[in-house]
Amino acid sequence: MKKIQISPSILSADFSQLGNEIKKLEEGGADLIHVDVMDGHFVPNLTIGPPVIKNLRKYTKIPFDVHLMISPVHEYIENYANAGADIITIHPEATKNLKESVSLIKKFGKKVGVSLNPKTEIKTLIDEINNIDLVLVMSVNPGFGGQKFMPEVLDKIKELKKIKDKNQYHFDIEVDGGINFSNSKMVLEAGADILVSGTTVFKENNGDIKTNIEKLKSM
Ligand code: DX5
Ligand code: ZN
């Protein structure tokens, strides 16, 4: 039985209580903490940066799954590595040289993720696929929580799963955006290993984080 991992996105958390919200995620059984970093340039929204991540680090030992929706990204990788990120995920469109950015993340001893927007094809990362730890498949256009899941990405997840199994690559498939109780089973069956969820984890069942995480894991 595949172990389902849940990486709740703090984008849907109460930003005035982020430390306590992270404690609640830990108590609720989160496997990773998904930290959405947005710069108002690569995506039309602005969230948090290294100083906040550095301050949140002391609240939990759970790995920080940092999703960098920033461009340019290469020059900032060191800042996020030093702030306490455990996984650093970048978008191929945000770097001049994906190979160099992937190896820079690894140089800091961090796990490396590459994120594919709904319209970005697998071929943009295929040359690096054997060097990366995570492929983050966006099932919404990045920038905001609470958007509707885009079912057209299911084929991309299935394709990635086929490539992974055929070549015995080690990367995890993480899916991000609009994940809820009615589509999570379908996403897992398509080949996802890790589900990102903000709205469902923080808002369903009157915000009962533990119940929501357990329900997503039981799919
Ligand atoms: C969107 C972010 C997602 C988003 C997920 O740009 O990358 O992680 O916060 O939030 P929900 O689960 O509400 O779609
Ligand atoms: Zn994200």
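Reply: Let's start at Ser7, which sits in strand β1. Strands here are DSSP runs of E with at least two residues, helices are runs of H or I with at least four, and both are numbered from the N terminus. Before going on, some ground rules: this is a predicted model, where local features need pLDDT of at least 70 and side-chain atom pairs count only at pLDDT 80 or more, while totals for chains, interfaces and linings use all residues. Residues are numbered from 1 along each chain as its sequence is written, chains are lettered from A and ligands numbered from 1 in the order in which they are written, and side-chain values use heavy atoms, with hydrogens and water left out.

Is Ser7 buried or exposed? With a relative accessible area of 0%, Ser7 is buried. The cut-offs are under 20% for buried, over 50% for exposed and partly exposed in between, using a 1.4 Å probe and protein chains only. Setting aside neighbours within four places in sequence, Ser7 is in contact with Leu32, Ile33, His34, Asp65, Glu174, Ile194, Leu195, Val196 and Ser197. Contact here means heavy atoms within 4.5 Å.

Together with Asp36 (OD), His67 (ND1) and Asp176 (OD), His34 (NE2) coordinates the zinc ion (ligand 2), at 2.1 to 2.3 Å. Donors are N, O and S atoms within 2.8 Å of the metal (3.2 Å for Na, K and Ca), and sites may look incomplete because water is not among the atoms. The zinc site has 6 donor atoms with angles of 69 to 175° among them, and is octahedral. For that label, six donors need opposite ones over 155 degrees apart and all others between 65 and 115; four donors are tetrahedral if all angles lie between 85 and 135 degrees, or square planar under the same rule as the six, and anything else is irregular. Along the chain, the donor residues follow the spacing H-x1-D-x30-H-x108-D. His34 belongs to strand β2 (residues 33-38) and His67 to strand β3 (residues 64-69), so this pair ties together parts that are 33 residues apart in sequence. Both histidines, His34 and His67, are buried.

Back to β1, which is also among the elements covering the buried residues of α7, along with α1 (18-27), β8 (194-197) and α8 (209-217). In helix α7 (residues 199-207), Thr200, Val201 and Phe202 are buried.

Lys2 is partly exposed, with a relative accessible area of 37%. Beyond its neighbours within four places in sequence, Lys2 is in contact with Leu188, Gly191, Ala192 and Asp193.

From there, look at helix α6 (residues 184-190), where Lys185 and Glu189 lie 4 residues apart, about one turn of the helix. Lys185 and Glu189 form a salt bridge, with the closest N and O atoms 2.7 Å apart. A salt bridge is a side-chain nitrogen of Lys or Arg within 4 Å of a carboxyl oxygen of Asp or Glu. Lys185 is partly exposed at 44%, and Glu189 counts as exposed at 59% relative accessibility. Elsewhere, salt bridges that share partners join Lys3, Asp31 and Lys217 into one network. A search of the whole structure finds 12 salt bridges.
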